[in-house]
Amino acid sequence: MKNNELRFREFFENADSQLVKIEINHLIPLPSPYDKSQVSAWRELDTDQRRRLVCNLDGFIAAGLPVPQNAAEEQKYIDQFVKGLKKLLSRESNWTFLQPLLLSLDFCVKCQTCCDSCHIYLASGRNALYRPAFRSEIFRRLVNKYARKSSSLLSRFGVDEIKLNWATISRLYELSYRCNLCRRCAQACPMGVDNALITRELRKLFSQELGWAPQELHEKGTQLQLKVGSPTGMKPKVVKDNLDFLDKDFSEVTGLNIATPWDKSGADVLLLPGAGDILSFPESIMAFSILCNAAGINWTLSSEAPGYDGVNYGLFYDDIQFVKIALQHARIAKKLGVKKIVMGECGHQHKAMMAVADRILTGELNIPRESSMTFLENLVFSGRIKFDPDRNNFPVTLHDPCNIVRNLGIVEPQRRILRYLCPQFREMNPHGVDNYCCGGGGGLSLLAGANFIGWKVNISGGLKFKQILAAFSDCPGSGVKKYLCAPCLNCKLQFRDLLEYYDAKEKSGIYCGGLAELIVNAMVDLKNPFITWGEY
Amino acid sequence: MAQMELAGRMLEVDENGFLQEPEKWTEEIARAYAAKEGVTELTPDHWTAINYLRKYYQENGICPMVRRLVKETGFNLKKLYDLFPNGPAHSACKWAGIPKPTGCV
């Protein structure tokens, strides 16, 4: 089969066989020393995984659905799927997203403009399975036939043929995790159709109606957060102990006296960090602590679960989990009596609290919520901290987290900081609202079971990696250390996998970190450089 | 659930080979994991790191920060990668029988 041919009919036939095979030679080329002969291919699924898990899509597994026991179990899921479809189309069950869903279902004119805007489709070498409108069209046909009972001329002539069976729903489930929900296609669509919204509605149907969600998002994600406070498993006592350790450790390194405040009633600012930053990128939380203290901000962290972890994976797959977590975050801020909540460097958290939760945080829970981008900008230009930009005299490029930049329109604050503090700042191309996703968006950076990392570094992350290399093409090799600034926890996780897979630190000297670290690194009061290029 | 044979026993593991029941861990299992990654002998330094990880996990229910592991063992990152080929999270925690870290880490 050619890479760009796939008939809709194939999608609902032969449930047990893999629909498409991804070949490394089809993928977009990368420049030397990253061309295909020089990087290893992904891990193929082993026979045991193929026996246990549903893998009838593209040879990768993101969701890890166990193979059903028998036909009766398959039928149960099919019936639940139809019930879920109807709920998505009903105002009582889906008042939040019904209107944009209907608009996106009804106004697609099949022009395929979305294809060329999709980094996954392009990096795959234009594999038809990854067309943004392919998934949507399957869904649209299912809605028309099973939830709306339309009998259009087209359906009577079999033009929009669809079958609802095990092949259809099991493939659709995996396929709903082959999209980063980055909405670049929605921005490109002349009709305003939002294929990312359709994808997310599909995930929601599977989660809320069938109980299907990747365990990294559900059992070890939202459920763990609601139970102990954070998907990392950190309880309040552990997070305070960790911050205490970091305060001391970084005080030694920087020569500053770092003391992170906890549970301060009536503070001006409650900082809502991503707890993953505390564990995996502690420079980020320490940089915020240093900057807030240096600027004399009256701020605090909360040690009440889940107030120390601002992530809300519900945004990726489930409205009910989303609401539970968003309400808890707002209630904690209300209880502390803070004047505003500042989002840590985490894109999906920005979108969750600053945009989507607007529909539920009303009345006294409608506490002002600000992006760390504008917060940091005000802090940098307040005149309260002295900077020496020469301390950042190395090549820096900026990754635009989709949720902060394209989806919330926060484009310039972070750039004004970098233009001021980083003499060798250079843009990627394209950038701003036209950026490409890191490849880990939509919750995919968390999914690491089976062989999915192979898909993320080659397909969803391929175009981004190419862009990063191009931004640093004037200084190739590992001799010059380069800083990829990614002000988002999810993006940093994806970049960690990407840079490791391509061995880009060794080959090109590329290191990834956040924005606050660059700001601290330029402070004149610092004894030693804050950025240590991943070594300590 | 996936299974893996380690030190002569079939044990439940996740898709990345991490032990799902930490209470079943033995030193033999640590050696078996190491052998799979080409490390045929566990030195006292290996045990220093593994024992610290297990103790921290038992007390706190999660893996420690890498920075903490570095400080408590006195091994820098390079040394940790020399000891554990796939690094602190993917080798050391796995050999210590601790479930794979969850969340944005």
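Biologist: Why are strands E1(A) and E3(A) said to pair?

Modeller: In this predicted model, two strands (DSSP runs of type E, at least two residues long, numbered from the N terminus) pair if DSSP finds at least two bridges between them. E1(A) and E3(A), residues 340–343, are joined in the parallel sense by 4 bridges, so they meet that rule. One of the bridges sets Leu271(A) against Val342(A). Residues are numbered from 1 along each chain as written, and chains are lettered from A, ligands numbered from 1, in the order written. Local features need pLDDT of at least 70, side-chain atom pairs need 80 or more, totals for chains, interfaces and linings use all residues, and side-chain values use heavy atoms, without hydrogens and water.

Biologist: What makes E2(A) a partner of E1(A)?

Modeller: E2(A), residues 299–300, runs parallel to E1(A) with 2 bridges, and because the rule asks for at least two, this pair qualifies as well. Here Leu270(A) stands opposite Thr300(A).

Biologist: Why is the link between Glu283(A) and Arg67(B) called a salt bridge?

Modeller: Their closest N and O atoms are 3.9 Å apart, and the term requires a side-chain nitrogen of Lys or Arg within 4 Å of a carboxyl oxygen of Asp or Glu, so the link counts. Across the interface of chain A and chain B, the rule finds 6 salt bridges.
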